Amino acid sequence: MPKPWGPTTTAIHAGKHFNPTRAVTTPIFQTSVFELLENREGAEFAAAIEPPAFYTRWGNPNSSEVEAVLAELEGAERALVTASGMAAFALVFEAFLKAGDHLVAPAAIYLGTEQLIRRWEAQRGLTVTWIQNTLDLDEWAAAIRPETRMIWVETPSNPTLALTDLAAVAALGKRHGIRTVADNTFPSPIHTKPLRFGFDLSVASATKYLAGHSDVVAGVIAGSDADVVACWHLTKVMGPTLDPMAAWLLHRGLKTLALRVRRASDNAQALAQWLLWQPHVARVDYPGLPTHPGHEVAARQMETGFGAMIGFELRAGLRAGQCFCEALEVITRGVSLGGVESLIQHPASMSHLKTAPEVKARLGISDGLLRFSVGIEDQPDLIADLEKGFQAAAEAR
């Protein structure tokens with residue numbers, strides 16, 4: 001039975017039964033294989049689901065412990081950790097889609113997820129309906145076909161921070177017998193628990209907020225026992241296993257998840273409001289602002305804040321965006337997110353430089369767009385750094 005603990009107590013104390021030692025912090029079980037005390041154990045472990053002391057591709061105490069924590073945080077029956085967020089997403093596709101199926105997904109979506117979908121389109125005949133306005137429930141409903149097998153959402157979306165009404169989309173999926181999957185990377189379970197709104201699976205890049213220190217690459221799948229075990233069977237065969245050291249680091253990061261996420265979210269709320277008043281800024285995308293089109297939805301389904309991701313657009317365009325990033329000292333240029341440090345990227349000259357113009361338009365990536373992952377630094381230092389960026393953008397030629 002889940003304990004009635006808060007998220008930080010859960011992150012520190014859940015899963016302790018997977019630690020067979022007296023060490024307060026579980027040791028790293030950096031081993032590929034475990035000794036079998038009797039021959040019969042070999043047969044028992046070989047038939048077991050994710051045994052923690054048999055062979056690390058099947059399971060490991062470090063993975064089992066952090067999975068127990070993640071399942072509790074997400075409100076799931078079970079969780080599975082993987083070698084990356086994309087490994088988690090690919091496993092879900094592999095487990096629950098087949099050639100010729102139909103998928104419904106947002107048009108503005110994480111580039112890696114889109115590449116996975118495009119690969120399925122090209123090689124397995126997957127058909128896809130792309131939702132342009134994720135707040136339009138009629139558009140979601142109209143996209144459903146007899147062959148639809150999965151609805152995929154992001155909460156909020158990457159990179160545009162568009163919102164989706166999780167409860168309404170989950171109900172749509174239930175009504176038609178369609179599996180619903182939410183990429184919960186941006187808010188983490190501190191802000192949003194998709195399973196509470198009726199989603200079947202919550203997946204995430206644990207590289208980001210869950211681990212939180214930019215030193216781990218990992219993924220997670222959380223959901224019903226049956227669904228997660230189906231993904232584990234594929235992991236056992238295909239091998240996208242999270243190594244023990246990374247699982248240990250992920251668990252260590254989770255112990256401060258609630259503290260980090262709330263601090264970063266508070267910073268982001270303050271900075272988003274400050275950015276609204278900057279003359280060089282044409283638009284600020286942040287769900288915590290009343291001006292955001294999804295603010296009411298975000299207020300219903302996000303707890304203790306609106307996340308730490310901000311998108312804002314410079315009026316002066318491409319060169320201004322480049323110069324803005326190059327002038328920063330505290331905020332780090334980088335394409336990831338969710339660490340203790342603030343990260344910023346200019347998609348038009350960085351991650352999406354070679355993306356076709358029509359694709360950038362669909363993704364909402366303009367020449368002046370900046371994606372800002374707000375960290376836990378002191379607000380005055382972040383504001384002073386942003387002011388340097390604005391000065392450089394003003395001087396750009």
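User: What does Arg283 count as, by relative accessibility?
Analyst: Arg283 counts as partly exposed, at 33% relative accessibility. Buried means under 20% relative accessible area, exposed means over 50%, and partly exposed is in between (1.4 Å probe, protein chains only).

User: What kind of model, and what's the bookkeeping?
Analyst: This is a predicted model: local features need pLDDT of at least 70, side-chain atom pairs count only at pLDDT 80 or more, and totals for chains, interfaces and linings use all residues. Residues are numbered from 1 along each chain as its sequence is written, and side-chain values use heavy atoms, with hydrogens and water left out.

User: Back to Arg283. Which residue does it form a salt bridge with?
Analyst: Glu313, with the closest N and O atoms 2.4 Å apart. The pair ties together parts 30 residues apart in sequence, because Arg283 lies in strand β8 (residues 281–285) and Glu313 in strand β9 (residues 309–314). Glu313 is buried, at 18% relative accessible area. The salt-bridge rule: a side-chain nitrogen of Lys or Arg within 4 Å of a carboxyl oxygen of Asp or Glu. Helices (H or I, at least four residues) and strands (E, at least two) are DSSP runs, numbered from the N terminus.

User: How many salt bridges by that rule?
Analyst: The count comes to 18 salt bridges.

User: What about Lys388 and Glu329?
Analyst: Their side chains meet in a salt bridge, 3.2 Å from N to O. The pair links distant parts of the chain, 59 residues apart: Lys388 is in helix α15 (residues 379–395), and Glu329 is in the loop between α13 (318–326) and β10 (332–333). Lys388 is partly exposed at 37%. Glu329 is exposed at 62%.

User: New topic. How many residues in the largest nonpolar core?
Analyst: 66 residues. Leu250, Leu254, Ile310, Phe312 and Phe324 have the most contacts inside this core. Helix α11 (residues 257–275) gives the largest share, nine residues. Here a core is a set of buried Ala, Val, Leu, Ile, Met, Phe, Trp, Tyr and Cys residues joined through side-chain atoms within 4.5 Å.

User: What else lies apart from that core?
Analyst: Another core, of 29 residues, including Phe93 and Val228.

User: What does Ile310 touch?
Analyst: Leaving out residues up to four places away in sequence, its contacts include Leu161, Val284, Tyr286 and Phe372. Contact means heavy atoms within 4.5 Å.

User: Rings next. How many aromatic pairs?
Analyst: Eleven aromatic pairs. The rule: rings of Phe, Tyr and Trp (its six-membered ring) pair if centres lie within 6.5 Å; planes under 30 degrees apart are stacked, over 60 edge-to-face, the rest tilted.

User: Which residue lies over the face of Trp120?
Analyst: Arg124, at 4.1 Å from the ring centre. Arg179 lies over the face of Phe96, at 3.9 Å. The test is NZ of Lys or CZ of Arg within 6 Å of the ring centre and within 35 degrees of the ring normal.
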